[in-house]
Amino acid sequence: LGTVVDSAQADLEKHIVHFRDTTLGLEVEIFRWANHLNVRVRMTPRVGVLVDGSCGNMNGNAADDTTEAIMGRLGGRIAATELLFRHPAQVSGHLVQKTIADCEITRRERALQLCAASTPGSAGVLLDACIFDVCFGGDQYAAEDATTESEVKKY
């Protein structure tokens, strides 16, 4: 922690926040981009300590880490006194699930080209995530996802 991440970020404005609490076995890295955040949270499981959040509950059962299951356990909202930002995100009461198939075909082809150029050799889930981000977020996500992917591969 505390060092600039890999050279894939060389052309991007860097806003990285690092947090470590060794007593809790917690490390958080926040990559702040122009219009979104990427967050990497690493936790060491602790005996007798229940953990739950938007990424799941660390029980090893991915089936109970769906959006619906997490919202059912947590209620879907964070108390105003515990927000990290001044204003809560505006979300609707219903979930709209989008997939790459919802992306218009020419936009999807462009996304594939951008993602493949940004992360040569990328495939599978990481490539699909990049394509999805570019389709629904914008072209800049190809470079930003490449940076995040290169960091994920370190671990």
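Of the 155 residues in the protein, 25% are buried, buried being defined as under 20% relative accessible area, exposed as over 50% and partly exposed as in between, with a 1.4 Å probe and protein chains only. The model is predicted, so that local features need pLDDT of at least 70 and side-chain atom pairs count only at pLDDT 80 or more, while totals for chains, interfaces and linings use all residues. Residues are numbered from 1 along each chain as its sequence is written, and side-chain values use heavy atoms, with hydrogens and water left out.

The protein contains four helices and three strands, where helices (H or I, at least four residues) and strands (E, at least two) are DSSP runs numbered from the N terminus. The order of the elements from the N terminus is β-β-β-α-α-α-α. Contacts are defined by heavy atoms within 4.5 Å. Of the contacts between residues at least 6 apart in sequence, 39% join residues at least 24 apart.

Helix H2 (residues 105–118) and helix H3 (residues 124–137) have axes that come within 8 Å and cross at roughly 125 degrees. Axes are lines fitted to C-alpha atoms, for helices over the stretch in contact, and angles between N-to-C directions run from 0 to 180 degrees. H2 and H3 are therefore oblique to each other; angles under 35 degrees count as roughly parallel, over 145 as roughly antiparallel, 65 to 115 as roughly perpendicular and the rest as oblique. The crossing of H2 past H3 is right-handed, that is, the near helix is turned clockwise from the far one by less than a right angle. H2 contributes Arg107, Arg108, Ala111, Leu112, Leu114, Cys115 and Ala116 to the contact, and H3 contributes Leu127, Cys130, Ile131, Val134 and Cys135. By class, this contact of H2 with H3 has ten nonpolar, two charged and no polar residues.

The largest nonpolar core has eleven residues: Cys103, Ala111, Leu114, Cys115, Leu127, Cys130, Ile131, Val134, Cys135, Tyr141 and Ala142. Such a core is a set of buried Ala, Val, Leu, Ile, Met, Phe, Trp, Tyr and Cys residues joined through side-chain atoms within 4.5 Å. At least two residues of this core come from each of H2, H3 and helix H4 (140–152). H3 supplies the largest share, five residues.

Ala142 lies in helix H4 and counts as buried because its relative accessibility is 1%. Beyond residues up to four places away in sequence, Ala142 touches Leu114, Cys115, Ser118, Cys130 and Val134. Leu114, with neighbours within four places in sequence set aside, is in contact with Val134, Asp139 and Ala142. The C-alpha atoms of Ala142 and Leu112, 30 residues apart in sequence, are 9.1 Å apart.

Asp128 belongs to helix H3 and is partly exposed, with a relative accessible area of 40%. Asp128 and Cys115 are 13 residues apart along the chain, and their C-alpha atoms are separated by 9.0 Å.

Key: Nonpolar A, V, L, I, M, F, W, Y, C, P; charged D, E, K, R; others polar.
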